[in-house]
Amino acid sequence: MSLTLMLLATLPVLAASQIDPLLEQALDKYILLSIEDTAAANKQLLALEQQHANNPAIASRVRLLSYLVNYQFHQQDPEKLEQRLQHLHTQAELTEDADTLAEIYATELEIRLYQGKLNEAFSNIERAEIYAKAAVTPRVRYFANNVLGRLYQADTQFERALEHYIIAMDAVSETDDAFTLGRRAFLNYNIALVHTELRNWTRASTLAEQMIAEAKKYGHDGFLPELYLLLGYIAGSEKDYQRAIEVNEQGLAAANALKQDGVALTFENNLGATYIELEQYDDAKVILEQAFERAEQMKDEYSIHLINQNLGFIRVMQGEHDEGIAQMESTMRYLSQHAPKTEYEPYYEWLAKAYAAAGRYKEQADTLLEQMALREDIRKADSESRLATLQDRYDSKAKAQQITILQQENALKAQLLENQRLQQQLVWLVAIIVAFAAAMVFQLYRKVRRSNKKLYETNKLLAYQSQRDVLTGLYNRRALQEYLQKRALKRRDGDIVSSSITGFLLLDIDFFKKVNDSYGHAAGDAVLQSVAQRLQDTCRDKDMVVRWGGEEMLLVLDNIDPPHVGSFVQRVLNIIGEQPVTFDNQQIAVTVSGGFIHLPFAGISEAELDWEKVLQIADMALYLSKTNGRNQVCMLEGLNARFSDVESQLYSDLAGAIRAGQVQVATINGPDGNVS
C-alpha cells in the first residue's frame with residue numbers, strides 16, 4: 001500500500017475522536033427548545049441536518065443523526081425511519097470510538113423499544129452493553145444506560161434495569177448543566193418504579209417523596225400529579241390507607257390546578273377505593289359520585305363502569321343488597337367484553353364479598369371458582385407468551401450466529417482462492433522462495449484446520465442449544481416434537497415392537513407464583529433448576545425430561561411396564577417433596593402436581609389417539625390433581641367404556657367421566673399429603 005493510501009485509510013479513525021463544539025452547542029439548544037416548542041425545535045433540527053450532514057467530527061455527526069432518527073419515528077413514516085437507521089448504522093463502519101458506537105447502538109435499541117419490538121432489541125443488546133460500558137463521555141453513558149435500563153424494565157428484568165439506572169445516575173452526577181436536574185429526576189422516577197415492582201416499598205417511597213420535594217423546589221409543577229399517583233400507589237400497597245388518602249388528596253389538588261381532568265378522575269377513584277378499604281362508605285360515596293360526574297362530562301365510558309362497580313359495592317354494604325349486586329354484575333359483564341382478563345380478574349373478589357354480605361353464599365362460591373378459572377387462563381396465556389418470546393429470541397440469535405458463520409466461510413473461501421493464485425505465481429520463483437511458499441501454505445493449512453474445527457464446534461453448540469431450554473438444560477418442545485415424530489415414523493415402518501408403551505408424566509410446580517412473589521425471581525429460577533436436576537437424576541438415560549412451559553415439566557418414559565409405573569411416580573413425588581430447595585440461606589418447600597397417561601392408551605390405535613391428544617388428556621389429569629389438593633399425580637390407566645362414547649369428555653370434562661365410572665384412574669399422593 002502506498003503512503004498516500006495509508007494516510008487516507010486512517011482518516012475516519014482520527015475523525016472518530018473529534019467533537020465539533022459549535023454543533024454540540026446547537027444540539028444542546030435544540031434539546032432545550034424541544035421542551036417548550038416541539039415544532040420550532042424540529043425546524044431547527046432539520047436546518048442543522050442541512051448544514052452538518054457531512055460534518056467531519058463523527059461523534060457530533062452521530063449525535064445529530066441520533067436525534068434525526070427519533071424525529072423520524074414521531075413522523076410515523078416507517079420506511080423513512082428505517083432509512084435513517086441504516087444511515088446511522090453506516091457510521092459504525094467509520095469509527096472504533098466507544099462513545100460514538102454506544103450512541104449508535106443505543107439509539108437503535110430505543111427505537112425498537114418505542115416500536116414494542118423487544119425480541120429484535122434483545123437480539124442486538126449485547127453490543128450496546130459492551131460499548132456503553134466502555135463509553136467515557138457522561139452524556140453518552142447516561143443515554144446508553146438509560147435506554148438499557150428502560151429496555152430491561154419493559155421486559156420485567158427489574159434487577160438488570162436497576163443496575164443500568166444506577167450507572168446512568170453516576171454519569172449524571174459528573175455533570176452540572178441545564179440537563180442535570182431533568183435527567184436525575186427521570187432516572188429517579190424509573191428507579192422508584194423498579195423498586196415498586198420489586199416491592200421495595202420503603203426505598204420507592206423515599207425516592208417518590210424526594211422527587212415531589214424537588215419538583216416543588218424547582219417549580220416543576222406539571223410533574224407533581226404523576227409523582228403523587230406513584231406515592232399513593234405505594235402507600236396503598238403497604239396498606240397505609242390514611243397516608244394514601246393524604247397523598248391522593250394532594251394529587252387531586254395538583255391535577256385540578258393544572259386542569260388535568262383525566263388524572264384528577266384517577267385520584268378521585270383511588271380515594272373512593274381507599275375509603276372502601278377503610279369501610280368509610282359515606283366518604284367513599286361522596287368522592288365517587290363526584291368522580292362519576294367528572295367521568296360523564298369527559299364521556300369516559302370505561303371509568304363510568306369502574307366507578308359504578310365501587311358504588312354498587314357500597315350499596316350492598318349499606319343494605320341495598322339486590323340493587324347493589326345488580327349494579328356490580330352489570331359492570332362485570334361490561335368489563336368482560338371491553339377489558340383484558342388481567343384487569344377485570346380482581347373485581348371478582350369484590351363481587352364475591354358482596355354476595356357474602358348479602359348472604360348469597362352459593363353465588364359467592366361460584367364467583368370465586370370463576371375467578372380461579374380465569375386466573376388459570378391468565379397463567380397459561382402468560383406462560384405460553386413467555387415461552388414464545390424466549391423461542392423467538394433464541395431463533396433470532398441463532399440466525400445471527402448462522403449469518404456470522406456464513407460470512408466466515410465466505411471469507412475463508414476468498415482467502416483460499418487468493419492463496420491459489422499466489423501459488424501459481426510462486427512456481428516461477430527461485431527454489432528458496434518455493435520453499436518459503438511451502439512453509440506459508442503449511443501455516444495456512446493449519447489455520448484452515450483450526451477454522452474448520454471452530455466451525456464444527458460452533459455448529460455443534462447451535463444444534464445443542466436448539467434442543468435445550470436455556471435455564472434448566474432440559475429438552476425443549478422442539479426436541480420433544482422431533483423425538484415423537486421419529487417415534488411415529490418408526491412405528492409405521494415396523495421398527496418398534498407393537499407391545500412397546502411410552503409413558504407421559506406431566507408435572508407442574510405447586511404455588512410457583514408464590515415462590516416468585518415471596519423470594520424473588522432468582523429464587524424461582526433456582527427452584528426450576530433444582531426440580532429439573534432431580535427429575536433427570538430419577539429418570540433413565542433413554543427417557544426424556546422436557547421443559548414444557550413456565551413451571552411445567554414433562555417426562556417421556558420409553559418402553560415402560562405399566563404395573564411398575566406407580567412406584568416410579570411415587571419416587572418422583574418423594575424426591576421433589578421431601579427435600580426443600582436451599583436458596584440464599586432460605587429453605588423453600590417444593591411439591592408438584594401431575595397427570596400420567598401412556599401411549600398407546602387403552603388399546604386405542606395411535607392413528608385415532610395420537611401423542612398430541614394424549615398430552616391434552618394428561619393436562620386435564622394435571623388440572624384434577626391441582627383442584628383436588630395438589631402434591632399428587634392423577635394416573636389414567638384405562639377405559640371402562642368405548643372410546644367413541646367418552647372421547648369428548650376426556651378433553652373437556654375428565655372429572656365428569658371419572659365420576660361416571662368411564663375411566664380407570666388411580667391417585668398417587670406425595671409426602672405429607674395435600675398442600676392447598
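A polar contact is a pair of N or O atoms within 3.5 Å; within protein, one atom must be able to donate a hydrogen and the other to accept it, and residues adjacent in sequence count only if both atoms are side-chain atoms. The model is predicted: local features need pLDDT of at least 70, side-chain atom pairs count only at pLDDT 80 or more, and totals for chains, interfaces and linings use all residues. Residues are numbered from 1 along each chain as its sequence is written, and side-chain values use heavy atoms, with hydrogens and water left out.

**Stop one: Thr180**

Select Thr180, which belongs to helix H11 (residues 180-197); helices (H or I, at least four residues) are DSSP runs, numbered from the N terminus. Its side chain and that of Thr175 form a polar contact of 2.9 Å. Thr180 is buried, at a relative accessible area of 8%; buried means under 20%, exposed over 50% and partly exposed in between, with a 1.4 Å probe and protein chains only. Neighbours within four places in sequence aside, Thr180 is in contact with Val172 and Thr175, contact meaning heavy atoms within 4.5 Å.

**Stop two: Ser173**

Move to Ser173, in the loop between helix H10 (158-172) and H11. Ser173 is exposed, with a relative accessible area of 58%. Its side chain reaches the backbone oxygen of Asp170 at 2.5 Å.

**Stop three: helix H3**

Now select residues 38-52, the 15 residues of helix H3. From first C-alpha to last, H3 reaches 21 Å, close to the 21 Å expected at 1.5 Å a residue; the expected span is 1.5 Å times one less than the number of residues. At the N-terminal end, Asp37 caps H3, with a side-chain oxygen 3.4 Å from the backbone nitrogen of Ala39.

Colour the buried residues of H3: Ala41, Asn42, Leu45, Leu48, Glu49 and His52. Viewed down the axis of H3, they fall within an arc of 120 degrees, so they line one face of the helix; the arc is that of the directions from the helix axis to the C-beta atoms. The buried residues pack against helix H2 (21-36), helix H4 (58-74) and helix H5 (78-90). On the face turned away from the buried side are the exposed residues Ala39, Lys43, Gln50 and Gln51.

**Stop four: charges over rings**

Select Lys353 and Trp350: the charged end of Lys353 sits over the ring of Trp350, 4.1 Å from its centre. A charge sits over a ring if NZ of Lys or CZ of Arg is within 6 Å of the ring centre and within 35 degrees of the ring normal. Finish at Lys514, which lies over the face of Phe511 at 4.7 Å from the ring centre.

Terms used
Helices (H or I, at least four residues) and strands (E, at least two) are DSSP runs, numbered from the N terminus.
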